[in-house]
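Subject: Handing over the structure

Dear colleague,

I am passing the structure on to you below, together with an account of what was found in it.

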Amino acid sequence: MKFGVIVFPGSNCDRDCYHVTARVLGEPTEFIWHEDDRSLAGYDCIIIPGGFSYGDYLRAGAIARFAPVMERVKEFARKGGLVIGICNGFQILLEAGLLPGAMHHNAHLNFNCRYVYLRVENNKTPFTGKFNKGDIINLPVAHKEGNYYIDDRGLEELKENNQIILRYATPGGEVIDEANPNGSIGNIAGITNKNHNVFGLMPHPERASETILGNGSDDGLKIFQSILKAGGVKL
Ligand SMILES: NC(=O)CC[C@H](N)C(=O)O
């Protein structure tokens with residue numbers, strides 16, 4: 001499977017994503033510069049990594065959405081290609097209109113960097129096929145604008161189409177305010193589009209893909225393995 005990792009000025013998780021797909025999974029992976037406007041046909045999965053694209057000026061993701069490469073990402077997604085946006089990548093997907101809703105600043109207004117527990121709400125997507133529904137996983141978050149918001153009608157649509165993929169939960173699997181690091185509506189941590197080929201999530205699976213790192217969780221690797229299992233979509 002061939003992965004492409006988009007790089008913006010200010011991306012800082014691009015190398016980590018590359019490390020996981022190229023070295024841990026052993027799959028061909030290339031960096032794609034934000035000014036590049038080549039077609040993305042030929043890639044099986046595009047990763048929009050975390051970081052502070054364009055310094056998060058105006059709003060996280062608000063400038064990145066205008067980068068030439070984003071037109072190509074939209075084209076790729078429209079044709080059914082797999083796109084995963086992690087943290088700043090999720091923010092960019094929202095700003096670009098590839099996912100519904102928006103990010104507010106965290107309710108407590110602090111940058112929050114810590115491990116959280118998440119409940120897998122839908123394992124029938126190309127990004128979560130290696131999990132069981134209801135699995136509790138442990139991944140780190142690191143953000144200031146992760147307070148996901150969507151209006152009532154949008155929230156109903158997300159529920160109806162099983163687009164809510166991850167929610168913040170307790171280690172025992174309870175979805176309660178105390179488990180939520182940023183105040184997001186419905187404890188939402190990750191959603192897909194209606195077709196389930198575009199996934200945005202605030203936690204960082206690439207930072208928890210080897211047990212040697214952090215607190216020993218490699219739960220993030222299963223997300224990348226799920227993508228491999230799904231096999232991507234040859235365009
Ligand atoms: N880790 C990241 O991707 C940083 C997220 C983002 N720019 C924020 O602080 O909200």
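Leaving aside its neighbours within four places in sequence, His 34 is in contact with Ile 6, Val 7, Phe 8, Ala 67 and Val 69, where contact means that the two C-beta atoms, placed from the backbone, lie within 7 Å. His 34 sits in the loop between S2 and S3, helices (H or I, at least four residues) and strands (E, at least two) being DSSP runs numbered from the N terminus. It counts as partly exposed because it has 19 C-beta neighbours inside 10 Å; a residue is called buried if 20 or more other C-beta atoms lie within 10 Å of its own, exposed if 12 or fewer, and partly exposed in between, with C-beta atoms placed from the backbone. Between the C-alpha atoms of His 34 and Val 20, which are 14 residues apart along the chain, the separation is 21 Å.

Before going further, please note that this is a predicted model, in which local features need pLDDT of at least 70 and side-chain atom pairs count only at pLDDT 80 or more, while totals for chains, interfaces and linings use all residues. Residues are numbered from 1 along each chain as its sequence is written.

As for the whole, the protein has five helices and eleven strands, and its C-alpha trace spans about 45 × 35 × 35 Å along the principal axes. For 235 residues a compact globule would have a radius of gyration near 18 Å, and the 16 Å of the protein agrees with that; the radius is taken over C-alpha atoms, and the globule rule is 2.2 Å times the number of residues to the power 0.38. Buried residues make up 50% of the 235 residues. Among contacts between residues at least 6 apart in sequence, 76% join residues at least 24 apart.

Nine strands form an open sheet with mixed pairing, in the order S2-S1-S3-S4-S11-S10-S9-S6-S7, and two strands are said to pair if DSSP finds at least two bridges between them. At the edges are strand S2 (29–33) and strand S7 (136–143), each of which pairs on one side only. Neighbouring strands of this sheet are turned by 25° against each other on average, direction ignored. Helix H2 packs on the sheet, where it touches S1, S2, S3, S4 and S11, and its direction makes about 130° with that of S4; the axes behind such angles are lines fitted to C-alpha atoms, for helices over the stretch in contact, and the angles run from 0 to 180 degrees between N-to-C directions.

Within the sheet, strand S1 (residues 3–7) and S3 pair in the parallel sense over three bridges, with Phe 3 opposite Cys 45 in S3. S3 is in turn joined to S4 by four bridges, and these two strands run parallel; here the bridge partner of Ile 48 is Gly 85 in S4. Five of the five residues of S4 are buried, so this strand is largely enclosed by the rest of the structure. Leu 82, Ile 84 and Ile 86 point one way from S4, while Val 83 and Gly 85 point the other way. In a regular strand the side chains alternate between the two faces of the sheet.

Strand S10 (residues 188–192) is likewise largely enclosed by the rest of the structure, because five of its five residues are buried. Three bridges join it to strand S9 (residues 164–169), antiparallel, and Arg 167 stands opposite Ile 188 in S10. On to strand S11 (residues 198–201) there are three bridges from S10, also antiparallel, and Gly 190 has Leu 201 in S11 as its bridge partner. S10 and S11 form a hairpin with five residues between them, and His 196 in the turn has a positive phi of about 65°.

Two further residues have a positive phi although they are not glycines: Leu 58, at about 70°, and Cys 87, at about 55°. Leu 58 lies in the loop between strand S3 (45–48) and helix H2 (68–78) and is exposed, with 10 other C-beta atoms within 10 Å. Cys 87 lies in the loop between strand S4 (82–86) and helix H3 (88–95) and counts as buried, with 28 C-beta neighbours inside 10 Å.

With best regards
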